[in-house]
Amino acid sequence: MVNITYDASGSLLWEDPTDGTVWVYNPGDIAWVLASTALVWIMIPGVGFFYSGLLRRKNALSMIWASMMTLAVVSFQWFFWGFSLAFSDTADKYIGDLRYFGLKGVLEKPSIGSTRIPSIVFCVFQLMFAAITPILAIGAIAERGRLGPIMVFVFIWTTIVYDPIACWTWNSNGWSFVLGGLDFAGGTPVHISSGTAALAISIYLGKRRGYGTERLAYKPHNTTYVVLGTVFLWFGWFGFNGGSALAANLRAVQACIVTNLAASVGGLTWMLWDYRLERKWSAVGFCSGAIAGLVAITPASGYVGSPAAVLFGFMAGTLCNFATQLKFIFGYDDCLDIFASHAIGGVIGNVLTGLFAQASVAGFDGITSIPGGWLDHHYVQLGYQIADSVAGMSYSFVMTTIILWILHFIPGMRLRASEEAEIIGIDDAEMGEFAYDYVGIDLAAAGGRHEYRDDTHSHGDVPPTAGGREPRHVHTSKAVHDGSSVEGSDVEKREAAVVSH
């Protein structure tokens, strides 16, 4: 039986039988962390809807499926050994051991994250961080990845990539934690690791069919999904950052304030940068900027004041916006701009944390003591932040690439979908289900006179070049969509020939 009692105020008391120490857990702190757990949970399908809306409708359902699949796979992995590998109190500088294998012994003892909550509460809260990270990364398989092997990839990637980075960042034995790196809620473990993994996946999978041509000049098929996903993410991020205080205190409130402020400024900034090109107020641009602002403020949310949050949002909305052009410069097909938004956004957040972290803000909880960043004349902090960022990017990219190529040579485990699957859509090829019941009806519309567009939409004289979130910097002429102009496989030519007559 668990040796739990209550004091006169209703706080939980647990006495350590080894030394007689009495630990006090405030029900308000437990309730806030559990509520934050639920808030972060809703972010996971939020990522699915956000990604789904940015794609063509024949691939829309696969991203929503991937979000829920990832939650399920990582929930098992976290129970099996993930929590122990990341947060065992006998861990070394890089990764934990199997002390808490199968969550054995994870219940009433003080958590390694904070002695104000029991370990079982900390465990379920951190599970949500572990679950959202892979879905951010595997958005890179969009429109050309197989769904079966990705389940295996998620389990392996969470074990080999996420758990070690989480350990060195947040475990009190981790090298970055001991060095003095500041990462309040996941700049490196969540965003840099997932964004860099997405880059590795994009490079491994190669370009989609028709990349760089008018065939992929499509707008997001459902902007409402993009907005809905952003709503889920922004809403959940209050728990993501605010809950990382691991207590209901002023530091948690401050984290919520700067989170909302950075998202707001980031959204406005990105939208204004896009407005200069098209003179249109883009909902997708606003949502993309809001996410970039949220990503950047994540590592800093428990360390910086409100004025700094404005700069975080502006810098993320600006630099992440222009970072979407990197895929054209270097020739990789990151169709959802995950690297630009999450990896670059995470680095921006880490670097700015080194500049603007304040000991006074960290002390809002009455417990935490840090030397601060440049504002507090602690100049070496920037070096710590850069070292952690470079380590996270390098480790994630190399290990993700190794995992992908090992799976490549295992029968049935290659991630790249077939040409035929890419043509008809991942939803039909891999799932046999659709996000909408009218996906296959367009060809029969208008008495057989419907133009074959494969979810493309006109943009005046400024079409996007590959979907995604990038501002449309390239001006090209309109393309004619008829059978005579279609390039590609025999299947595509036959479909185009049918609808052209």
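1. A salt bridge is taken here as a side-chain nitrogen of Lys or Arg within 4 Å of a carboxyl oxygen of Asp or Glu. The model is a predicted one. By that criterion D365 and R251 form a salt bridge, with an N to O distance of 3.3 Å. The two residues belong to distant parts of the chain, 114 residues apart: D365 is in the loop between α13 (359–362) and α14 (380–408), and R251 is in helix α8 (residues 250–278). Both D365 and R251 are buried.

2. How many salt bridges does a search of the whole structure find? The search returns nine. Another of them joins E143 and R56, whose closest N and O atoms are 2.9 Å apart. This pair also links distant parts of the chain, since E143 sits in the loop between α3 (119–138) and α4 (147–170), whereas R56 sits in the loop between α1 (27–54) and α2 (60–87), 87 residues apart. Are these two side chains buried or exposed? E143 has a relative accessibility of 1% and therefore counts as buried. R56 has a relative accessible area of 3% and is likewise buried.

3. A further salt bridge is formed by E422 and R416, with the closest N and O atoms 2.7 Å apart. E422 is buried at 5% relative accessibility, while R416 is partly exposed, with a relative accessible area of 26%. As for shared partners, salt bridges connect R56, E143, R208 and D333 into one network.

4. The strands deserve a separate comment. Strand β1 (residues 4–6) pairs with strand β2 (residues 12–15) in the antiparallel sense, over three bridges. Within this pairing, the bridge partner of Y6 is L12 in β2. The hairpin of β1 and β2 has five residues between the strands, and G10 there takes a positive phi near 95°.

5. Strand β2 also pairs with strand β3 (residues 22–25), again in the antiparallel sense, over four bridges. L13 stands opposite V24 in β3. Which residue in the turn between β2 and β3 has a positive phi? G20 does, at about 80°, in a hairpin with six residues between the strands.

6. The structure holds 29 aromatic pairs. One of these is the tilted pair of F76 and F79, with 6.1 Å centre to centre and 50° between the planes. F76 and F79 are separated by about one helical turn, because they lie three residues apart in helix α2. F76 is partly exposed at 45% relative accessibility, and F79 is partly exposed with a relative accessible area of 38%. Both residues belong to one aromatic cluster, formed by F76, F79, F80, W81, F101 and F155.

7. Helix α1 has 28 residues and spans 41 Å from its first C-alpha to its last, close to the 40 Å expected at 1.5 Å a residue. At the start of α1, a side-chain oxygen of N26 comes to within 2.7 Å of the backbone nitrogen of G28.

8. Helix α3 has 20 residues and reaches 30 Å from its first C-alpha to its last, close to the 28 Å expected at 1.5 Å a residue. Why can α3 be described as largely enclosed by the rest of the structure? The reason is that 18 of its 20 residues are buried.

9. The last point concerns S389, which lies in helix α14. S389 is buried, with a relative accessible area of 4%. The side chain of S389 makes a polar contact with the side chain of N350, at 2.9 Å.

How values were computed
Residues are numbered from 1 along each chain as its sequence is written. This is a predicted model: local features need pLDDT of at least 70, side-chain atom pairs count only at pLDDT 80 or more; totals for chains, interfaces and linings use all residues. Side-chain values use heavy atoms; hydrogens and water are left out. Buried means under 20% relative accessible area, exposed over 50%, partly exposed in between (1.4 Å probe, protein chains only). Two strands pair if DSSP finds at least two bridges between them. Rings of Phe, Tyr and Trp (its six-membered ring) pair if their centres lie within 6.5 Å; planes under 30 degrees apart count as stacked, over 60 as edge-to-face and the rest as tilted. The expected span of a helix is 1.5 Å times one less than its number of residues. A polar contact is a pair of N or O atoms within 3.5 Å; within protein, one must be able to donate a hydrogen and the other to accept it, and residues adjacent in sequence count only if both atoms are side-chain atoms.
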